[in-house]
Each structure stands twice: as C-alpha cells, then as structure tokens.
Amino acid sequence: MKMFDLDQGIADQLTEVSLNSAIQVRCGNSNAFMVTASTLIPLLQAFEMGGVYISASRGAAEVIQGFEAIGVDVSHIQFIDLVSSGILGGTTVPYSNVHFVDSPIMLESVLLRTLYILKTTDNERNFIFLDSVNSLAIYNEDRMLAEYLHTFINTFRQQEVLTVILNVPDQTPPLVLSNLDLYCTDLIDRGQVVIH
Amino acid sequence: MQPAGQYSRDRCITGVHGLDEILRGGIPYGSTVLASGTCGSGKTTLGMEFLVRGADAGEACAHFTATEPSVKLLENIRQFKFFDVKMVDSGLINVFDMDVLYSWLGLEKSSFDLDDVHSLIKAIVDIVNTIGVTRLVIDSVTTLCYKIKSEQLIRDFLFTLGKKLATLGCTTILIAEITSATENAHWSSFGVEEAIADGIIVLGDVERMGHLLRFLQVVKMRGTSHSRAKHAIELTPLGVMLTPMLKWGAVSDTHNRWGA
C-alpha cells in the first residue's frame, strides 16, 4: 500500500552524485517520511547499495515499520537507534538489524558504531543516512554538533561512503546549518512543502 | 615468529584500530608502557587485544593476570572476531595466574622484600626468554605492587623488570588501576610507575550529560612522536576502536560546558 507518490526528482538528482559525496536533504515536518523514502528507495533498489540508517528522530522499529507499510524491505540495512535507549523497554525490538546507542549526546559512539558496522558488512557500495541533524540539535550544543558534522562527513567521504543527511532547516541552529551547507557537496531541497 | 632480541622493525604494531596512527606506527620495540585507567575504562580489553593481534601476526605473547582467573580471561578473549583458539593451542598466547606463580616461587605472603622481588623478576624474565615472548601484559601492576611495601622497592622492581624485558626485545604493557583520570590525577597508584615507564596510555571516562564516554589518551611515549589528544573509544568484537574526541565535547559537566 503506497500512501504517497515518491519524488522522482530526488532519484534523478541521486544519479548525479558520486560515492564520496555528502548530500544534505532538506525537508519539512510534514513531508519528512516521503522525502526519506524517496531518497532511500532509489539507493536500495536502483543503486543496490547497503548502508547504515542512523535514527535520531524516531525509534528504528518505527522507521522499519514505516518502510514495511509501503512494501520496502529494509532488512539488509543496519539501523543505529539513538532514541529507544531513553525509553524504558524501548530496546526490545523484533529486528536483528537494529543497534542501540545510549543517547544522541554520544556522538563519537555513533561514529564508531557506524564504522564498526561498515567494517562488518560486505557491501561493495554503502551509504550512511543520518535522520536527522535537527533531532541531534535538540541534545547537542551548536559548536559541538557543527564540529561533529565536519568530522562525520569527512570520515565517510574519505572512505567513499555516500553520506546523506536529513535536515529540517527551520529547526536547526544557524551555526549548524551554515556549516552543513559548507561541508555538504550536494543539496536536495524539499524544505518547502507545497500544498496543492 | 622472530626470536627474542632480534628485530628488523623498530615498532611493535599494536594492531589496535587507530592506536598505531596515534603512535605514528606503533610502540617502539622493547618499551614498557603503562596503561592506566579507571574501572571499566577498557584497559584489560586493550591489553588482550594487544596480545591477540600479536599472536595473529605470529608473535609469542604472555599475559600475567592478578585480577581475574586465567580461565575467565580466556573466555573474554573469545569475544574478538580475530581470535582463534589455535593461538592458545599453538602456544602463541600464554596466560599465567599470578597466584600460581607466587605459589611456585613460594611467595604466598602479604608483602615482598628485596629477595622476593628479584625472584619474581627472574621468574617473569625466564618465562619471557624461554617462550620467546615479544608481547607481554601484566594485569595489573597495581595489584602486584600492593605487595611491595616500599616505594623504592617498587621503583627498583619496575626499572629492573623493564630493563631486562627491553633487552629481550619484549614490548610490555603494565596495566594500572587509578581512581580518577582527570587532568590533576596521577597516572598510577604509587606515583613511581609513571616515572619509570617509557610510555603512558590513560583510559577513562568523560561524563557528558549523565552519560559516560570512554576515552584513551597517549600522555607519553618515548622514542616516537605521537598525538596527545583525547580519543573516544568503543569496545567492539573487532577490538578497541578510536576516533578523536570532539573538542567541544571533551570537557565534563563540572567545567560548565553546558552553561549550568
């Protein structure tokens, strides 16, 4: 069952990027999942990539169920869940591809866990999908988050791992936003939701 | 495996992800390195990985354990994906209980005098020499030093042991327990270990908004330039993994980083 149409423009734009790109994907509150799906589905299906999905906005189980609801199998990508450890009983999930980090404040742990997962997978081409900068900004101080994104993006660009960073710009501090604009090589802007 | 004392390389490549980069290639051969850390900071894991990586490269390794039984230690080594039980079977990894060693030497007593210390040094050096050990871990030197009552004797013990092991080309990690790894802390319990060691690697925790983040910092390493920055670490089945700690995140809550 498909509840929305995928944005073909995103898939088209993805054909233009290389593996060492860092893409900032801007979305709004109401279209976040549509934009996420429109970005992730081509990576999984058309480009046959593996990867790591870092979920800081919602628990990984909820994200997986969202994809299952639209008929997309995400069992071969790994999830790093930064939300559920903060909820009592939140880490009891029926998915073996979910890893937990205690808190969104443990930014270095997220980076190391991602590197660990990449070392243990045998995909030829990988992506990292960070969902989302604005969620990390709730917990982390601006300068630290800006510094982190700098390290994060450069680490994966160096390793030729496609970095996709979801962001709701009006919920992101100006310092972080301007740094993100600086570090990312590409921008997919769906920040303005057009109501037909 | 190269015989003890004959090396073509000048660095002992630890094999620990990121540590060799920090050390610009590894620990200079024959060094005695103090790995000091608070409880749960990953010192034993670091020591175990150092040995398993060595065994994986064909080096003979020895672990003297005073903090946990050798059986338990060997069970913990199995967590590493790069560990193979053949490393133990073929004699590349050798684990010795300090209690058993004390028993062999007739040192089942609460404190050691000069003669006891010298017979302990001789026993360790003999084992290293006989097996051809090139990597050694003593876990922990703090527990061992508790039995040596005089500071001068501790100094003598560590200096003599370090010197003899260096002569044999054995790179040694002495694990030390400390209660705090903050800026003002000592890197060892007795204060003398840090002065004798060729290198000091500190492991501890940074508290960030109620969460503990493990860190590793190379404070000193003779014979090589090295990074002195704090690195965040994770203990994984692939071993210890490191990444530079965020500069804006390396200060704990008490230093007002969060504007309290």
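Student: What do the buried residues of α6(B) pack against?
Tutor: In this predicted model, they pack against β4 (60-65), β5 (93-97), α5 (98-105), β6 (133-139), α7 (141-145) and α8 (151-167) of chain B, where contact means heavy atoms within 4.5 Å and helices (H or I, at least four residues) and strands (E, at least two) are DSSP runs, numbered from the N terminus.

Student: And which residues of α6(B) are buried?
Tutor: They are B:Asp116, B:Val117, B:Leu120, B:Ile121, B:Ala123, B:Ile124, B:Val125, B:Ile127 and B:Val128; buried means under 20% relative accessible area, with exposed over 50% and partly exposed in between (1.4 Å probe, protein chains only).

Student: Before we move on, how do the numbering and the cut-offs work?
Tutor: Residues are numbered from 1 along each chain as its sequence is written, and chains are lettered from A and ligands numbered from 1 in the order in which they are written. As this is a predicted model, local features need pLDDT of at least 70 and side-chain atom pairs count only at pLDDT 80 or more, while totals for chains, interfaces and linings use all residues; side-chain values use heavy atoms, leaving out hydrogens and water.

Student: OK, what sits at the two ends of α6(B)?
Tutor: At its start, a side-chain oxygen of B:Asp113 comes to within 3.1 Å of the backbone nitrogen of B:Asp115, and after the helix comes B:Gly132, with a positive phi near 80°.

Student: Switching to the interface, how many residues does each chain give?
Tutor: Chain A gives 21 residues and chain B gives 24 residues. The area buried between them is about 2000 Å², with 70% from carbon and sulfur atoms; buried area is the accessible area (1.4 Å probe) that two parts lose on being put together, summed over both.

Student: How many salt bridges cross over?
Tutor: The rule finds two, a salt bridge being a side-chain nitrogen of Lys or Arg within 4 Å of a carboxyl oxygen of Asp or Glu. One of them joins A:Arg113 to B:Glu234, whose closest N and O atoms are 3.3 Å apart.

Student: Last one: is B:Ile22 buried or exposed?
Tutor: B:Ile22, which lies in helix α1 (residues 19-22) of chain B, is buried, at a relative accessible area of 5%. Not counting residues up to four places away in sequence, B:Ile22 touches several residues, among them B:Leu216, B:Val218 and B:Leu242.

Notes: Polar contact = N/O pair within 3.5 Å; in protein donor to acceptor, adjacent residues only side chain to side chain.
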